[in-house]
Amino acid sequence: MSNKIRTRFAPSPTGYLHVGGARTALFSWLFAKHHNGEFVLRIEDTDQERSTDEALQMQLSDLKWLNLDWNEGPEAGGEYGPYRQSERLGIYQECVQKLIQEKKAFHCFCKNSDLETKMEALKKAGLPMHYDGTCRKLSQEEVAVRLEGGEKAVIRFHVSQEKDYVLDDLVRGEVSFPSSMVGDFVILRSDGMPVYNFACAVDDHLMKMTHVFRAEEHLSNSLRQLMIYEAFGWEVPRFGHLSLIMGEDGQKLSKRHGATSCNEYKERGYLPEALTNYLTLLGWSSPSGSEILERELSVKEFDGTRINSSPAIFDEVKLTWMNSVYLRNLSDQELWKRVEPFIAKEKIEIYDDLAWREKSVGVLKTAMETLHDAVDLYRLLSDNLFKVSEKGKETLEWDSSQGVVEKWMDLISKMPNTFMTSEEFEGFQEEIKNSCGVKGKFLFMPIRVAVIGHPQGAEMKQLAPLLKKSSLLDRAEYCLGEM
RNA sequence: GACCCCUUCGUCUAGUGGCCUAGGACAUGUCCCUUUCACGGACAAGACACGGGUUCGACUCCCGUAGGGGUCGCCA
């Protein structure tokens with residue numbers, strides 16, 4: 001019981017949850033669940049400049065949306081709290097004092113400007129840009145006097161040993177770093193806030209973490225943390241450094257690659273289960289080889305092995321495919337759960353009609369079978385979101401299209417302002433066929449574009465009855481304008 | 001620049017010395033289904049970065065080279 005597996009996700013609240021962060025959280029969560037362990041959420045908000053409560057709320061809600069719940073953390077509480085680093089300052093102070101007493105850390109009064117010039121010089125000389133140790137020699141008395149005098153000091157960790165530190169990484173195996181890689185590094189800022197590497201190590205130990213999954217950008221940081229663990233004589237948790245997620249150009253995924261936050265995908269109508277399924281397979285592979293992995297199965301299979309050590313490019317096309325699979329598998333109730341808030345948000349009053357709602361569930365289901373992302377569905381329902389896709393525009397450029405769309409408008413304008421039936425649609429279609437002398441795709445595709453803005457989708461006789469006459473007319477007219 | 005990590009189809013990956021004529025998924029192309037398109041089905045095309053070893057035998061092990069990425073902050 002005491003050897004329970006414990007993992008954590010430790011975001012800093014500076015914005016929406018990034019897909020990379022989401023994957024780290026997901027892997028940690030899966031690993032904990034697989035081993036019947038605990039997953040804790042810790043907030044690394046020691047950067048007062050950038051951390052905001054608003055961002056914290058965004059992170060929490062994104063995590064909830066992804067269905068990653070935590071046993072301990074903000075809101076949930078727990079016996080190793082508090083779970084916001086800004087509320088743990090006393091703990092860090094105590095730890096720092098201990099290091100100072102043991103001469104493993106020291107006060108440093110060096111001015112930033114001085115440090116910078118020294119670093120410049122070192123760089124020019126081709127030497128490693130390490131702290132030169134000026135303040136290391138200060139006596140206790142000198143420190144006390146300068147502190148009395150109101151001078152601000154940071155606390156630096158004293159890197160004293162000349163040796164290699166070895167890390168047995170869950171993903172990469174043994175990795176070793178020479179201690180000469182770093183100089184005496186800051187662990188406590190002059191304002192009393194701990195620095196990442198210090199707070200992280202202290203908290204991971206105090207919160208009894210057994211396994212730590214984090215992004216590869218932290219791999220080099222591990223050296224500093226290893227030193228801290230050693231200084232305290234603490235047992236080191238097992239680390240797993242996940243390779244980075246890249247954009248299409250092979251560069252680290254960033255804003256210029258388009259959507260990078262979970263929230264953006266949420267807004268665009270992606271299902272959380274599709275996103276997590278996609279992320280599960282980005283850098284990890286299922287032993288059963290399955291691509292569509294329900295959460296339960298991933299928990300069963302995710303044991304911390306089979307994690308890929310090479311960087312992966314985020315492929316939105318595959319994500320979209322996966323989303324379409326989940327969309328199609330939604331039950332009627334689930335489908336409504338997704339569509340309803342949207343209808344409310346867009347104020348689509350005509351669809352509050354109960355009869356329509358009942359009749360349309362089945363039809364919508366059919367429509368879903370061809371949709372790739374829920375935005376398509378929303379577009380189908382909302383006149384405000386209606387637009388003509390690129391392929392739709394191509395269709396409208398056909399010579400025969402204009403006649404078809406005009407005839408279509410002519411016919412629907414004569415019907416009462418309500419919904420047509422499938423039979424009525426078939427009648428209209430027959431009339432257009434005879435009057436315009438077109439059939440096959442030259443008949444169906446222009447009508448389709450005039451209804452849903454895109455030449456692909458479910459059967460027209462099912463789609464058209466979903467929309468009221470006024471909507472159909474507006475859309476057709478809009479298409480005429482596009483010709 | 002120093003240190004660390006990475007390198008199989010366009011993309012995500014399987015592969016742990018012979019099972020590989022390198023497998024799957026997405027994307028692409030062709031065909032079937034469909035009075036259209038999509039969905040579904042079938043098929044096709046498409047990769048072990050390079051050079052040396054080790055070995056009877058290397059995608060798999062070792063060493064180089066090249067390329068990519070990361071870290072060198074009072075950011076995380």
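Biologist: How much accessible surface does chain A have, and what share of it belongs to carbon and sulfur atoms?

Modeller: The accessible surface of chain A is about 23200 Å², and carbon and sulfur atoms hold 49% of that area. Such areas come from the Shrake-Rupley method with a 1.4 Å probe; for residues, only the protein chains shown count as cover. This is a predicted model, in which local features need pLDDT of at least 70 and side-chain atom pairs count only at pLDDT 80 or more, whereas totals for chains, interfaces and linings use all residues. Residues are numbered from 1 along each chain as its sequence is written, chains are lettered from A and ligands numbered from 1 in the order in which they are written, and side-chain values use heavy atoms, with hydrogens and water left out.

Biologist: Why is His211 called buried?

Modeller: Buried means under 20% relative accessible area, exposed over 50%, and partly exposed in between (1.4 Å probe, protein chains only). His211 has 13%, and is therefore buried. His211 lies in strand β8, residues 211–215; strands (E, at least two residues) and helices (H or I, at least four) are DSSP runs, numbered from the N terminus. Beyond its neighbours within four places in sequence, His211 is in contact with residues including Ile5, Phe31, Leu170 and Arg238, where contact means heavy atoms within 4.5 Å.

Biologist: How many residues surround RNA strand B, and which are the closest?

Modeller: A residue is near a strand if one of its heavy atoms lies within 4 Å of it. There are 57 such residues around RNA strand B, the closest being Arg172, Arg189, Gln251, Gln429 and Lys441. Of the RNA atoms that come within 4 Å of the protein, 74% belong to sugar and phosphate.

Biologist: What makes the approach of Ser190 to RNA strand B a polar contact?

Modeller: A polar contact is a pair of N or O atoms within 3.5 Å; within protein, one must be able to donate a hydrogen and the other to accept it, and residues adjacent in sequence count only if both atoms are side-chain atoms. A polar side-chain atom of Ser190 lies 2.9 Å from a base nitrogen of RNA strand B. For Asn221, the distance from a side-chain N or O atom to a base nitrogen is 3.2 Å.
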